[in-house]
Amino acid sequence: DPEKSKSIIEELAKEDPSLATELEEKIFTFEDIIFIKNEDLEKVLKKYSDDKEIAFILKGASDDIKNKFLTCISKRRKDIIEKEIDYLGKVRKEEVLEKRKKFIEYLKEMEKNGEILLRPDKEIYIT
């Protein structure tokens, strides 16, 4: 749960700021998807083919996250997912968070297999 993670890190930062920073860098949340390269998210979404599941994941997500997902898929698939989001109506927050958790686990597995990178390159380059 992103809210819980943030709260824990804030409390930890009071006691040990460097540990809090290190932990924060290792945690990957649903909101961090915004930082994944589009090419990597495209790979993920091609393999994660259940449109209803993606609609569920996007239910209640920020516009930035929705746009990130929807720009990484075909127009036809985008239309299907947007309609599916509308058809879902009200859904339990717990269900959405559980499906997002499964999606994050899927992302981490793909990273572990060397298929994608979850964290952006934080180095600064000069050309």
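This is a predicted model: local features need pLDDT of at least 70, side-chain atom pairs count only at pLDDT 80 or more; totals for chains, interfaces and linings use all residues.

Biologist: Good to know. How many helices and strands are there in the protein chain?

Modeller: The chain has 7 helices and 0 strands. Going along the sequence, the pattern is simply α-α-α-α-α-α-α.

Biologist: And what does the C-alpha trace span along its principal axes?

Modeller: About 45 × 40 × 25 Å. The chain has 127 residues, and 32% of them count as buried. Of the contacts with a separation of 6 or more, 76% are between residues 24 or more positions apart.

Biologist: Let's talk charges. How many salt bridges does a search of the whole structure find?

Modeller: It finds 8. One of them joins the side chains of Asp40 and Lys43, at 3.8 Å from N to O.

Biologist: Where do Asp40 and Lys43 lie?

Modeller: Both are in helix α3, 3 residues apart, which is about one turn of the helix. In general, an α-helix has 3.6 residues a turn, so residues three or four places apart point the same way.

Biologist: Is Asp40 buried or exposed?

Modeller: Buried: its relative accessible area is 9%, and the cut-off for buried is under 20%. Lys43, at 41%, counts as partly exposed.

Biologist: Which residues form another salt bridge inside one helix?

Modeller: Asp79 and Lys75 do, with their closest N and O atoms 3.3 Å apart. They sit 4 residues apart in helix α6, so about one helical turn separates them. Asp79 is partly exposed at 28% relative accessible area, while Lys75 counts as exposed at 61%.

Biologist: What about a bridge that reaches across the chain? What does Glu115 pair with?

Modeller: Glu115 pairs with Lys47, and their closest N and O atoms are 2.4 Å apart.

Biologist: Which residues are linked in a network of salt bridges?

Modeller: Arg92, Glu94 and Glu95.

Biologist: Switching to packing now. How do α3 and α7 cross?

Modeller: Two packed helices are described by the angle between their axes and the distance between the axes. For α3 and α7, the axes come within 11 Å and cross at roughly 115°. That makes α3 roughly perpendicular to α7, because angles of 65 to 115 degrees count that way. The crossing is right-handed.

Biologist: And which residues of α3 and α7 meet there?

Modeller: From α3 there are Leu41, Lys43, Val44, Leu45 and Lys47, and from α7 there are Phe103, Tyr106, Leu107 and Met110. By class, that contact has 7 nonpolar, no polar and 2 charged residues. Lys43 and Lys47 take part in this contact; Lys43 is also in the bridge to Asp40, and Lys47 in the one to Glu115.

Biologist: While we're on α4, is Asp51 buried or exposed?

Modeller: Asp51, in helix α4, is buried, with a relative accessible area of 19%. Leaving aside its neighbours within four places in sequence, Asp51 is in contact with Arg77, Ile80, Ile81 and Glu84.

Biologist: Last one: which residues of α5 are buried?

Modeller: In α5, which runs over residues 63–70, the buried ones are Ile65, Lys68, Phe69 and Leu70. They pack against α3 (38–47), α4 (51–58), α6 (75–88) and α7 (93–112).

Terms used: Residues are numbered from 1 along each chain as its sequence is written. Side-chain values use heavy atoms; hydrogens and water are left out. Buried means under 20% relative accessible area, exposed over 50%, partly exposed in between (1.4 Å probe, protein chains only). Helices (H or I, at least four residues) and strands (E, at least two) are DSSP runs, numbered from the N terminus. Contact means heavy atoms within 4.5 Å. A salt bridge is a side-chain nitrogen of Lys or Arg within 4 Å of a carboxyl oxygen of Asp or Glu. Axes are lines fitted to C-alpha atoms, for helices over the stretch in contact, and angles run from 0 to 180 degrees between N-to-C directions. Angles under 35 degrees count as roughly parallel, over 145 as roughly antiparallel, 65 to 115 as roughly perpendicular and the rest as oblique. A crossing is left-handed if the near helix is turned anticlockwise from the far one by less than a right angle, and right-handed if clockwise. Ala, Val, Leu, Ile, Met, Phe, Trp, Tyr, Cys and Pro count as nonpolar, Asp, Glu, Lys and Arg as charged, and the others, Gly among them, as polar.
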